[in-house]
Amino acid sequence: MLPETDEDSLDQEQWEERLLQFFQDSLESLPDKSWICPLVTESSRQLRACDGAPREKVFLYRVLGLSLSRCPHPGLVLEQLQELLDGARGRHEADREGLSLCFGICARNHLEETLEKLEEFGKSDVFRKSQGLFSIFKEKNEADQERLRAALVLCYGRVAAAAPPELLRSRLEQQLLQRLLQHSKTKVLGIKVETKDPVLKLSLARSVSMISQALACGSSGNNSGNNSGNSGNNSGNSGHYPGNGPGGCGSIAHKAELVALMVEFLRAEPPEAPRTRLREHALSACAHLVSLEPPLSDRERSELLEAALGSVLAPPPPPPGAQDLLVAALGALSQLLRELLRRRLSPGGLQEIFAHLGPWIRSPRPPERLRALGAGKALLGTFLQHLRVCSVTPFQALGPLLALLAPRCSDGIPQIRRDSLDCVRTLLRIQLCYQGFSRDHRDELVEGLEELKEGLENPDFSVLFHTCSRIGLVVGRRIPPEQLLGLLLALLESWDDPERDCARAAAAIGNALIRERGAILQEKIPELLAALHARLQFLQQDGDDQDVQLQLQRAAQGWVLLLALQHPQSVVGTLLGSPLPFDGPTRALWRALGAEPSLTPQVLELLRERLSREAPDRESKSLLSGGCERLGTVPPLAATLALDELMAVPEAAAAVLEQFPELFPALLLRLGCTLGVRLPRALQGRDRAGLQPCSCAVQALRAMLARAGNDDVVRDVGSAGGWELMEIPERHHDGIALLARAMARLCGPRLPPIVRSLIPVLGSALECQRVTSSAFLAELLSHNVVNDLVLLEPILEALTGLEKDSCLLVRVLALRGLGNVASGSPEQIRRLGSQLLPSLERGLDAADDRQNRLALEAMGSLSRLLPGLEERDVRPLLLRLPLRIRPFFDSEHAELRHRSILLFGNLSRFSRADSEVFSEQILNGLVTLLLHLQDPQPDVVKACKFALRMCGPSLGCEGLREMFGNHLREERGLHYGEFINDAAKFLMRSHPSLLSRLISTNLFYFKSPWWELRAAAAMFTGFLVLHMDEEQEQQVDLEQLISALQLLLKDPVPAVRVKVAETLGRLVRLL
């Protein structure tokens, strides 16, 4: 029977199978069946007498079963079956296994008899508990009952597996499935609960598996479990596929209940390495049940997948030498997954299973990842093997599955890396099938992935990183355009992989994909950047390894950088639409754009364009006051914040230097436009209190100067408080002037293009821009650098063109700039005098200058310019200017008094050559100047001293000239009483005819708002009267004078009354 074997090499199992086959053939070949009945009796006797090894006993059970199956007398069959059941104990596995095999073989030809005896045995008192108190000692041990129940359940399974299909279906519901379900529960205090006996559960799982397999196969001949003579441990694990599409050829009404029962068994298994084959058989049962009708619902499939994967993938590795059970369970799991996939042989079905496999593939525990990925690899192979694509359709599962599996190419376990690459290759082969290629088509690029396995053997992450990038390039060339975004988004989800090398690999693969196929992503950039932002937010909140977080943040920046290199406008536009103020992730993405020298110039240009194109603000009705307020607009504010972020990147320095002539004016004008502007209402709130348009613009300008290497300018302006002044609407132009001063002193060579950019802005429709540019240009004129750079005349021409500007402050700044020429280019004053003086003179006549700001600036600028002008340029002004400035001598504003008197003194310099022209003006203002020597403001006093010194030579009195020159020096104190006494004496001697005019002028100052001037006027009047002679008395209206003095005698200030009394005393001699 086994000619090629000897005693030493004999396979016991094979030997038993041959013997049984010989025995079966003998029974079938003999025409006379009468001897079979004695054979049955003898076989039964030998079985009862057997006390040998379990294997021998099982063999005898099978011999008896074969004898019974061929027995022509049903009565004898029933008798022997009853005898077997009566003697059954079921305590040992061999007894249960042998009994079930015997019943199964017998049922081939005696199904009715077999089922009848099993049903009677199931209803017998063997399984019924007595309720009497004393019967407890007579009951079988409860464990023995469970063993008998297990044997009975196993018999049902063997009978179903051996029964002819046409007979099996008629007996299935009433006589098989219901009995199994009844035996799956036991009563505890009258309540049915799931059995917990492991032997019974194992038998139930095996029986369900055999029944469902029999239904699925459609023929008991396909089940070799009853023919082979083995112990049945592997029964139900056949790899047969029932049909080539969803569902099999059989159906079962109790399918959902049976699957639920197996799921409960799986869930109840302890979280440790398998000790029995329950997992294996339960999974095998589910696999066969899945192939039957009706199909499971989505919820039932999900619960089954969850329980199956958890029961096999979660246990820890078994000890050495005890791995067979786990390997068998993994095989059964693979079979179940294949059946589930075959029921839904579609991308959706594949994705459904991998949705449950995914957490295991990404598990932090290597054994779980290894098992899960092995199952996934087998699943993909099955899908490809049974795939039938009739038309070109999209393989929608490609992106999510690639994102799940490709990053595992950098896993710490070499086998996982290899399996992962195989999975990627299989997925790409499936994709080719969906694109219309045959299953055996071999794409050179896809098959070339096999060569990358060598790189996966190296544990060095740099090598793995490079290999993953190459994998990404291959995937990028084969993935359909419409699925690229989905793959990238799914790869982003892999960044939180517990295996951090896999997270970095996902980033590397995405990087390669964008580099290879980023050109087709333009319309998808908003969605992709939103996902990147969300991922960076998650990384910031995650308390994981900071180094890994930093690496992934750089990876995200790399993605944005690659996208921006291909679609700069879309990326910049999308980032500008981010919520304000920019959060950490958005700022990180902006900074990525500044790290690439070839990209940064484009980004800067786009942001500058946004600043210049968008309206900086809009008027809106205030909700509180009801008036109008200026509210900023979002786009330029976002562009300003973006520029500030770019300036924080050291690599952006070259681009900033290159575009400095454009960036500086753009940010300067942006600063001007934000003055007094509030946040848009959509951004107003407590969390944005620090987000102010003007402050943001100042910060961006400072950052730009620092990045361009002008830290000295930033410090210089800061030390003078210039940055703070720029944010104050009333002092903004002063802050801009400080900036211009620092620029002129510290980086003059950069000014020409800036000036050329700012000059056209003086004609801007935006007043704020005209103010800022005019303040900057005006200050530049106070530095000689404009002369060196040939900028003087262009700036002067631009400023003189602002005489009719609608903004008063712009005209003031223009006049200030004209005066600054005296400081910056004094050598050019004579040449430019004829151009400067008319503009300054017209500044004194502004009708809309109610606060005389223009006049003040014009007088100051004239005073600075006059010392450098020639007489021929000034002569035309000597008659007009004194008349225009004279009213300011007594202005209530000290600065106006100061500047007008100072200008008067400067004009006096030009009266020496032509005293007739100017001497009358000097005499008319002489009393005023002398009285203002007592002005409460020191600056006005100094101006008076200067003016009187300048007027002295034109008074025609050497004594006055000498006295003014000696006593009115700034550094010397002045005894006013003695001085005014001497002045009155010299005036009476040199200009006796002026007495009446001098007294009347003094009388005018009796009503001065300053008591110092009222006292001085009374004193001056007294000294004039004291020094006049008899001829001059006729010029004095004594009655009017006394009346005025008497009125002044009531002055509230005692010092004034004292001076009045002294003057009245001097009038005694005239009475």
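Reader: Is Cys390 buried or exposed?

Author: This is a predicted model, in which local features need pLDDT of at least 70, side-chain atom pairs count only at pLDDT 80 or more, and totals for chains, interfaces and linings use all residues. Residues are numbered from 1 along each chain as its sequence is written, and side-chain values use heavy atoms, with hydrogens and water left out. Buried means under 20% relative accessible area, exposed over 50%, and partly exposed in between, with a 1.4 Å probe and protein chains only. Cys390 has a relative accessibility of 82%, so the residue counts as exposed.

Reader: How many disulfides does the count come to?

Author: A disulfide is a pair of cysteine sulfur atoms within 2.5 Å. For Cys390, the nearest cysteine sulfur is that of Cys433, 12 Å away. For Cys951, which is buried at 0% relative accessibility, the nearest cysteine sulfur is that of Cys944, 10 Å away. By this rule the count is zero.

Reader: Helices α21 and α23 pack against each other. Which term describes α21 relative to α23?

Author: Helices (H or I, at least four residues) and strands (E, at least two) are DSSP runs, numbered from the N terminus. Axes are lines fitted to C-alpha atoms, for helices over the stretch in contact, and angles run from 0 to 180 degrees between N-to-C directions; under 35 degrees counts as roughly parallel, over 145 as roughly antiparallel, 65 to 115 as roughly perpendicular and the rest as oblique. Helix α21 (residues 481-493) and helix α23 (residues 525-541) have axes 10 Å apart and an angle of about 5°. Therefore α21 is, relative to α23, roughly parallel.

Reader: How many residues of the contact of α21 with α23 are nonpolar?

Author: Contact means heavy atoms within 4.5 Å. The contact involves Leu485, Leu488, Leu489, Leu492 and Glu493 of α21, together with Glu527, Leu528, Ala531, Leu532 and Arg535 of α23. Ala, Val, Leu, Ile, Met, Phe, Trp, Tyr, Cys and Pro count as nonpolar, Asp, Glu, Lys and Arg as charged, and the others, Gly among them, as polar. Three of the residues are charged, none is polar, and the number of nonpolar ones is seven.

Reader: What is the relative accessible area of Leu607?

Author: Leu607 lies in helix α27 (residues 600-613). Beyond its neighbours within four places in sequence, Leu607 is in contact with Val572, Leu576, Trp590, Ala639, Ala642, Leu643 and Leu646. Leu607 is buried, and its relative accessible area is 0%.

Reader: What is the omega of the cis peptide bond that joins Glu293 and Pro294?

Author: Pro294 is found in the loop between α11 (278-290) and α12 (298-313). The bond joining Glu293 to Pro294 is cis, and omega is about -5°.

Reader: Near what value is phi of Val790?

Author: Val790 is found in the loop between α37 and α38, and is exposed, with a relative accessible area of 66%. Its phi is positive in a residue other than glycine, near 55°.
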